[in-house]
Amino acid sequence: METIDFAKVGLKMKELRCALGIQQQQVANDIGTTVAFISNIENNKVKINLRMLLYYSEMCDVPIDVLLDAGRTHKKYTECASVDAQITSILQDFSPDEKDTLFRILQLIKNKQS
C-alpha cells in the first residue's frame, strides 16, 4: 500500500486556500474551530481528518485526490494540481460573463481534441 506524506497534504491545503485568498479565520469560523487548529492541520501538527479533507476539497473546488496526491510522489499529477490552483485563483477575478465565455472556449478546445 502506498503511503502518503500528510505534511505535503497540509501544505497543499494551505497553498490552495491562499491561492483563493481565504484566511484561516474564515476556515475556522466555517468549521467551528480555532485558527490555531487550522494552522496545526496545514502544518502537520495534528492529523488531518476526513471532515477537513472534504471541507478543503469543496472550498477549493478540487477533488480530494488533488489534496492527497500532493503527498504522493506522482510529480505530473502534483504539477497539474498546482496549475489547477493557479487557474482557480485567476478565475476569481473574472465576471460571470467572462467565465461563461471562457467555459465555451474550453468546450470548443476539448471538442476539437476528441
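For my residue classes, I count Ala, Val, Leu, Ile, Met, Phe, Trp, Tyr, Cys and Pro as nonpolar, Asp, Glu, Lys and Arg as charged, and the others, Gly among them, as polar.

**Ground rules.** I am working on a predicted model, where local features need pLDDT of at least 70, side-chain atom pairs count only at pLDDT 80 or more, and totals for chains, interfaces and linings use all residues. I number residues from 1 along each chain as its sequence is written, and side-chain values use heavy atoms, with hydrogens and water left out.

**Fold.** I looked up the elements and found seven helices and zero strands (DSSP runs numbered from the N terminus: H or I of at least four residues for helices, E of at least two for strands).

**Burial.** Of the 114 residues in the chain, 28% are buried (under 20% relative accessible area, with a 1.4 Å probe and protein chains only).

**Aromatics.** I found one aromatic pair. Tyr55 and Tyr56 sit edge-to-face, 5.9 Å centre to centre with 80° between the planes (ring centres within 6.5 Å make a pair, and planes over 60 degrees apart are edge-to-face). Tyr55 counts as buried at 17% relative accessibility, and Tyr56 is buried at 0%.

The largest pocket holds about 190 Å³ of space (on a 1 Å grid with a 1.4 Å probe, an open set of points with protein on both sides within 12 Å along at least five of seven lines; lining residues have an atom within 4 Å of a point). Its lining has six nonpolar, two polar and two charged residues. α6 gives the largest share, four residues; α4 (50-60) and α6 (75-91) each supply at least two.

Definitions and conventions
Buried means under 20% relative accessible area, exposed over 50%, partly exposed in between (1.4 Å probe, protein chains only). Rings of Phe, Tyr and Trp (its six-membered ring) pair if their centres lie within 6.5 Å; planes under 30 degrees apart count as stacked, over 60 as edge-to-face and the rest as tilted. Grid points are joined across faces, edges and corners, and a volume is the space filled by probe spheres set on the points.
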